[in-house]
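Visitor: I am new to this structure. Please pick one part and take me through it closely.

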Amino acid sequence: CHCEAYHLRSVKGDPPADSETELEMRKWTIGRRIVVGFSVVTAIVFLLGAFAYTSLTTISKEVTTIADQSLPGLSLSAQMVEDAHRRFELVLEHVIANDEATMIGLEGQIKELDAKIETLMQAYEAKITSAQDRENFSKIRPAAARIGQIRNDVLLPLDHAGKEAEAQQVVRTQLRPAIEAYMQAVDAVF
């Protein structure tokens, strides 16, 4: 009877067999058990190593993307913002300047910053890899052109003509909103 086999095994101290596979495994020699155990451990170590390798490869790609694209882009964007602030300061100095020589000197500095910002924009554009970043960047140039148009076609001629009150009004009503739009466009690429 099956019960007697169970009873005999329990008496010997062996746990009851749950399946034929377990019965078969009990017949293995010590050498076979060591080989199978070592093989299972080796397979587990291999699988963990493969998982670690693929994870490290993914991390390596992400680090490369950050180092080659994100950080340089972030640096360029920060420089564009800093130079735009400096350019606005120069425009405000131009508005309060009283003599033509100071105005001309400030205009030279403004033009230098315009050229520098354009160079930064070209460098940033070369670093763009995603469609979203390209779309966000496409909003910067029109905003920058609007600032230049207001400054060169409206504000500076008023200032040179000695119409300080009108120039200040243009700064408040036209130039400042244009600069804010530019800054929002630049912030979107961060």
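Guide: What follows is a close look at one helix, α4, and its surroundings. The model is a predicted one. Start with the helix itself. Helix α4 covers residues 100-127. It has 28 residues and spans 41 Å from its first C-alpha to its last. That is close to the 40 Å expected at 1.5 Å a residue.

Now look at its buried side. The buried residues of α4 are Met 103, Leu 106, Glu 107, Ile 110, Leu 113, Ile 117, Leu 120, Met 121 and Tyr 124. An α-helix has 3.6 residues a turn, so residues three or four places apart point the same way. The buried residues of α4 pack against α3, α5, α6 and α7.

Take α6 next, residues 140-160. The axes of α4 and α6 come within 12 Å and cross at roughly 175 degrees. Angles over 145 degrees count as roughly antiparallel, so α4 is roughly antiparallel to α6. On the α4 side, the contact includes Met 103, Glu 107, Ile 110 and Met 121. On the α6 side, Ile 140, Arg 141, Arg 151, Leu 156, Asp 159 and His 160 take part. By class, this contact has eight charged, five nonpolar and two polar residues.

Finally, step out to the core. The largest nonpolar core has 37 residues. Tyr 124 is among those that touch the most other members, along with Phe 137, Ile 140, Leu 155, Leu 175 and Tyr 182. Helices α3, α4, α6 and α7 each give two or more residues to this core. The largest share, 10 residues, comes from α7.

Conventions:
Residues are numbered from 1 along each chain as its sequence is written. This is a predicted model: local features need pLDDT of at least 70, side-chain atom pairs count only at pLDDT 80 or more; totals for chains, interfaces and linings use all residues. Side-chain values use heavy atoms; hydrogens and water are left out. Axes are lines fitted to C-alpha atoms, for helices over the stretch in contact, and angles run from 0 to 180 degrees between N-to-C directions. Helices (H or I, at least four residues) and strands (E, at least two) are DSSP runs, numbered from the N terminus. Angles under 35 degrees count as roughly parallel, over 145 as roughly antiparallel, 65 to 115 as roughly perpendicular and the rest as oblique. Contact means heavy atoms within 4.5 Å. Ala, Val, Leu, Ile, Met, Phe, Trp, Tyr, Cys and Pro count as nonpolar, Asp, Glu, Lys and Arg as charged, and the others, Gly among them, as polar. A nonpolar core is a set of buried Ala, Val, Leu, Ile, Met, Phe, Trp, Tyr and Cys residues joined through side-chain atoms within 4.5 Å. Buried means under 20% relative accessible area, exposed over 50%, partly exposed in between (1.4 Å probe, protein chains only). The expected span of a helix is 1.5 Å times one less than its number of residues.
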